[in-house]
Amino acid sequence: MGDNRLCKTPGCTNVAIPGAKGYCSGCFERIVKIQQIELMEDIVKLLTQILKEGLNVKGLENKQVTQVVEQVEKHVEDRKIDFDVTDFIPSIDVSDVKVGEPKKEAATTKKEKKKKKSVKSIVNKLKQVQEDK
Amino acid sequence: MAGKKPKDIKTEEMNKIPNDELLIDESSDSSNVEAVGLDVGTMNLVAAYLVNDDVVTKRIRNMFVQTDAENAETMDLTNIFHAIIEDQLYILGDDAYNFANIFGQTVRRPMKNGMISPNEIDALDILTVMIKELIGHAKKDSPVCFSIPANPIDADMNVTYHKNVLERIVTTLGYKAVPFNEAAAIVLDECAETNFSGIGISFGAGMTNVAIVYKSVPVVTFSVARGGDWIDYNAAISIGQIPNRVSVIKERPDFDLTSFEASKKKERRIREALVYYYKDLLNYVIKNLIAEFNKIDLQIPDPLPIIVAGGTSKPKHFVEFFKEQFENFEVPFEWAEIRHAENPLTAVASGCLVKALQVSQEGESD
């Protein structure tokens with residue numbers, strides 16, 4: 001089936017997820033992480049360059065630029081240690097989500113009225129239509 | 001994966017009951033079924049699955065209220081669906097409505113304009129808890145087809161994040177995730193007679209989704225960031241009311257799009273404003289449907305049925321009202337009929353179930 005393409009990372013056997021440019025969720029997260037660190041490093045380089053070349057940045061004094069560089073460097077360092085990918089693709093570990101569950105069912109459950117066509121016959125028709133195309 | 005430690009979500013030990021024990025009978029257990037359809041709407045979460053060839057649906061209001069966890073000590077939460085996240089108590093689902101009044105708050109929603117709300121920091125946790133309550137942990141690798149909106153043509157929003165987050169929630173619960181356009185799901189549910197060709201329009205709370213589907217293939221899908229909430233908000237500010245008050249009147253069973261009649265003058269005003277904004281929404285959707293259809297070179301040999309569904313299509317005479325607006329336009333395609341889905345509130349979930357069953361059967365035959 002078309003939806004079950006493998007991740008395009010060489011050697012990875014996981015299924016690619018939609019919206020992740022052909023990667024599986026794990027590889028996609030790693031790519032996002034690397035890209036974010038690279039971005040931060042670029043920012044540090046740029047700010048350092050501004051400082052070294054003494055560019056006349058309106059409204060910014062050297063001391064302030066130094067402070068910004070230090071803050072960004074620290075931020076990059078922090079992210080290397082414990083990078084929060086959840087900013088981009090959240091990590092949800094449902095097994096750790098514990099709730100006070102009610103003794104009665106929280107959802108409203110009902111049996112739907114019988115339709116003209118049963119769902120199984122609709123599925124069979126769908127398969128037939130797709131095969132005929 | 002490197003990442004932050006999950007949030008400290010404490011357990012109410014006295015209420016900690018395994019999910020399976022909450023099940024009343026076999027019909028309420030979705031965790032062991034062949035496939036599940038899941039409509040993830042701004043206002044409601046609806047799951048559909050088969051039990052002995054009958055479609056069973058489960059619904060939870062997609063909303064919550066928040067208060068300090070200290071309040072939990074003074075409350076009897078025995079039968080209340082709730083979560084304590086860090087030091088905050090969240091009352092979830094249908095109970096949120098009642099508690100909103102007690103706390104003097106308005107209900108909040110994990111989703112806004114059809115997608116995960118960027119304004120609610122705990123939206124993901126809450127959505128995860130509610131979806132888990134609906135479909136449980138999978139006992140086998142069954143597919144869950146969940147509805148996603150199309151990217152809106154009139155708002156700077158993208159569905160990618162929303163889709164990936166839902167996929168993560170569903171797969172973490174042990175299911176195989178299958179995203180599917182919500183308006184196209186209506187056509188799968190309702191248009192078997194026309195070989196799954198038709199136009200599905202899902203009038204939701206957060207947005208309106210449209211899909212032109214030909215032989216089961218969605219050829220055009222789009223959404224507009226206007227729906228029931230947009231009607232409530234605009235009707236309310238036009239007459240100096242709060243949206244909640246307007247919403248209550250809109251959801252009354254006797255609210256009729258062909259009549260403003262009501263015993264009180266104030267209510268008549270509200271009904272009148274609602275009708276005007278309904279009219280505006282429908283005209284906006286029809287104009288955009290025509291514009292989007294004209295963008296593609298599509299010749300469809302047979303007249304297309306137009307199927308409407310969603311909570312915002314619930315008022316009396318909605319279909320007649322829609323038809324009246326539709327007939328004012330010159331449409332670039334032939335249409336056969338305009339009708340409601342058999343069950344407008346569960347059509348998206350049922351259509352997703354059809355897709356999920358198809359995926360399940362394909363998986364078995366591979």
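**Chat notes**

Reply: In chain A, 32% of the 133 residues are buried (under 20% relative accessible area, with a 1.4 Å probe and protein chains only).

Me: What kind of model is it, and how are things numbered?
Reply: It's a predicted model, where local features need pLDDT of at least 70, side-chain atom pairs count only at pLDDT 80 or more, and totals for chains, interfaces and linings use all residues. Residues are numbered from 1 along each chain as its sequence is written, chains are lettered from A and ligands numbered from 1 in the order written, and side-chain values use heavy atoms, leaving out hydrogens and water.

Me: Which elements does chain A have, from the N terminus on?
Reply: The order is α-α-β-α, that is, three helices and one strand (DSSP runs: H or I of at least four residues, E of at least two).

Me: Switching to chain B: at what angle do α3(B) and α4(B) cross?
Reply: Roughly 45°, with the axes of α3 (residues 123–135) and α4 (residues 160–172) coming within 10 Å; axes are lines fitted to C-alpha atoms over the stretch in contact, and angles run from 0 to 180 degrees between N-to-C directions. That makes α3(B) oblique to α4(B), as angles under 35 degrees are roughly parallel, over 145 roughly antiparallel, 65 to 115 roughly perpendicular and the rest oblique.

Me: Which residues meet there?
Reply: Leu124(B), Leu127(B), Thr128(B) and Ile131(B) in α3(B) meet Tyr161(B), Val165(B), Leu166(B) and Ile169(B) in α4(B), with contact meaning heavy atoms within 4.5 Å.

Notes: Buried means under 20% relative accessible area, exposed over 50%, partly exposed in between (1.4 Å probe, protein chains only).
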